[in-house]
Amino acid sequence: MIATLLSALLFAPPMQEGADPGQLTVIGKDGKPGMLVPLKKTNVNVDIAGISARVTIVQTFENPSRTPIEAVYTFPMSQNAAVDRMRMNVAGRIVVGQMRKRDEARRIYEAAKANGQVASLLDQERPNVFTQNVANILPGATVEVEVSYVETLKYEDGQYEFNFPMVVGPRYLPATTPDPGKVSPPYVAKDMRTGTTVSMNVHLDAGAELDTVQSVLHQVDIRKNGGNEAFINLKRADEIPNRDFILRYKLKAAGIKEQVVSHANSDGSGSFCLVLNPPKNVAPDVVRPREVLFVMDQSGSQSGFPIEKSKELTLALIDLLRPTDTFNVISFSNGAHALWSAARPNTSENLNEAKARVKSLEANGGTEFMPAIEMALSKPAEGGRVKLVVFNTDGFVGNEFEILDRIQKYRQNARMFTFGIGNGVNNFLIDAMSVEGRGGSETVTLADKADAAVQRFVKRTQTPVLTDVSLDFQGVQVTDVSPSHPEDLFSGKPVIVTGRYLQPGKGSVTISGRTGAGSWSREILLDFTKSNAGDGVTSLWARRAVEDLTRKDWMAQARKPDEQQRSATVQAITDIGLKYGIMTAYTSFVAVEQKVVNVGGKQRTVNVPVEMTDGVDMDMGRDMSGFGGRTKTLSSGAVGGGGFGGAGLGGGGSNGLYRGQAPQSQPASPSLGKARKEAFEKQQAGESLDELNRQIKAGTVKATIKVDKELLKSKGEVAVQVLVSELDDKTLAALKRAGLKVEDKDERFKLVFGTLDAKQLEDLAKVEQVVHIDPVEG
């Protein structure tokens, strides 16, 4: 039954409607916005069967402007997603995406864009962050972009979990971040929203009688159809896509059923997926003493509810330390700070001091992971102790590959258990940290109580369920098995193995290892003589194979193109993506319509903000460095998008729109030249817009401090966007008197669009209500 359901689910045709929650932005080559492009609606359709899901995403956009546009939107998908289908629907014309090498796909797209053809390009920026470009959207036209993927669900302690990310959280971007603008979408101002809504339609066929079905962060309607089947829909039609959709369910029958599904190719070879049960946990006779380090993220993105949830979790874990344990508390933001120079014994005095430190922590500053990783992992525990590192974070950084590479370097010194704190965390980093750290991971939402997470941690760390795991295949020829060396198990999670077989046949696989009671093994029969699932099994295998290759060289993901070409890892990943038609960091989907709809290819470009992650404080960290809209000092690490790090609403700090509403807060980005930097520094010193205007009148600073540096080099008529503190008739009249020919305005974000002679920029900047002036491509 499970295999049949898995087959029906994984590999059914993509649904006609589905949605992804990201944002559409219309931008130019310099990242400058011109107008807002509303996202009309988003729909998500999910089919769950057994331990697998097929997710189909469709976003519907409209071009309300009078000119053609190019659209760029950044959106999240599951870090485990095997993205194997993409297509574009333009006024009923369906264009199916083709898989190409990333640079080749970009060339095809740019050529079609210049030629006036409707084209789309889907790139993977991180395993859980994607960028979609759509060129030549005509005025008044509607465009749908459909993306589909398969993945396996989480399962632990009798509970299944499906997680659909709805927002790309704000990223702190150290100087080592590869392509920072690709993972930093713009965010909407505080107390405002994009107007985008999301619908979620889930068809759950559990294959056995359902017990409980629960949505963690959203109100839902649940309609059961018999004992095994349920339909789940979001209850609110105006749902804001600013937090993950997390669905958890249990079956009345205890335990997960073992499954073997396979798909045969025309030549007789094929792919398979095994779901194997681990043994029950058995406590060892002797428990080794431990050194436990509690590492807490106190960066600005943890401000408010997240830091309080992290404190709740850490305090509860401290109370459960063993009498023989030693421990320490490490917190990090712009740097890392340990409570003591070395771990101390579990005494009442030390416990009280540690709890006081945890309770006193406040969230501010950047998210510099590396000092914390070095402090926690670089040295093994003393005295033969087992070192456990408990790491609390939301994972909102852009240098994930560097972090994982460093953990991998020190992985023999400790086991790392990561807790993602928040309603829209970076699950890719959270999970990968625990894999490299040979531990476990889970997400603690702001709605969860810490008790359950604490109990699971205690259970995991008593002793591993199964160590020294190995697989032995008999009677069938298999290759490219993933994972090639399964990790130790710390809970009742199943062992999921994917691979390829070379020819039809029957045989068996034996999984073996060691438990607290000694050796353990189990044999599973295999039948690869016929398919019992669709081609999504192949997509799952390919995705897991890419994960294995990525782990061999994390830093390959962060290298420049010329360096990537010399990397065997990159070439191997590229080959898999092309051969099996899945998204990777080096393969992209591209779709081009043959019809020319925009002769000459000229199109206006703009940028539109999206929702801030639920629970993340928009004004977080007023004393932060490189994080948030009002920092005191410049930092090489800046948070991209939505004003994080002073970057404003432009993805990666490229366009300078202000994220918040307060008129005294200047938009700025250290990357946009001396004038912007000077404006930033003025704002950082606490000087308001009124004070800046006073200094302009006094002649102590030039009005051009409000103007983008590149724009100042312009000659003749220029198209500009003007960010103002107040958007009323008085302001519009003042702008017109200064020479601005007003073409459009957006009251939600206090933006005015228009043209003027470049010689009049200084006069325009002298208008008191003007916060900043940026160029717009026309």
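Author: Start with F419, which sits in strand β26. Helices (H or I, at least four residues) and strands (E, at least two) are DSSP runs, numbered from the N terminus. The model is predicted, so to speak of a local feature requires pLDDT of at least 70, side-chain atom pairs count only at pLDDT 80 or more, and totals for chains, interfaces and linings use all residues. Residues are numbered from 1 along each chain as its sequence is written, and side-chain values use heavy atoms, with hydrogens and water left out.

Is F419 buried or exposed? F419 is buried, because its relative accessible area is 1%. Buried means under 20% relative accessible area, exposed means over 50%, and partly exposed lies in between (1.4 Å probe, protein chains only).

Next, its surroundings. Contact means heavy atoms within 4.5 Å. Neighbours within four places in sequence aside, F419 is in contact with L313, L317, V390, F391, N392, T393, I430, E442, V444, A453 and F457. Take T393 from that list. F419 and T393 are 26 residues apart along the chain, and their C-alpha atoms are separated by 6.5 Å.

How does the length of α8 check out? Helix α8 has 13 residues (450-462), and at 1.5 Å a residue they should span 18 Å. The expected span is 1.5 Å times one less than the number of residues. The end C-alpha atoms of α8 are 19 Å apart, which agrees.

After α15 comes G739, with a positive phi near 110°.

One more helix residue. T550 belongs to helix α9 (residues 536-552). T550 is buried, with a relative accessible area of 10%. Not counting residues up to four places away in sequence, T550 touches Q557 and I573.

The structure holds eight cavities of 30 Å³ or more. A cavity is a set of points, on a 1 Å grid over the protein atoms alone, where a 1.4 Å probe fits but cannot get out; lining residues have an atom within 4 Å of a point. Grid points are joined across faces, edges and corners, and a volume is the space filled by probe spheres set on the points. The second largest cavity has a volume of about 110 Å³. Its lining is S78, Q79, N80, E151, T152, L153, K154, E161, F162, N163, P165 and N427. β10 (142-152) and β12 (159-164) are the elements that give two or more residues to this lining. The largest share, three residues, comes from β12. By type, the lining of the second largest cavity divides into three nonpolar, six polar and three charged residues. Ala, Val, Leu, Ile, Met, Phe, Trp, Tyr, Cys and Pro count as nonpolar, Asp, Glu, Lys and Arg as charged, and the others, Gly among them, as polar.

Some backbone details. The peptide bond from S482 to P483 is cis, with omega near 0°. P483 is in the loop between β29 (478-482) and β30 (495-501). A91 is not a glycine, yet its phi is positive, about 55°. A91 lies in the loop between β5 (82-90) and β6 (93-96). A91 is exposed, with a relative accessible area of 63%.

Last, the whole. The protein has 16 helices and 38 strands. Of its 778 residues, 62% are buried. Among contacts between residues at least 6 apart in sequence, 75% join residues at least 24 apart.

Definitions and conventions. On a 1 Å grid over the protein atoms alone, a cavity is a set of points where a 1.4 Å probe fits but cannot get out, and a pocket is an open set with protein on both sides within 12 Å along at least five of seven lines; lining residues have an atom within 4 Å of a point.
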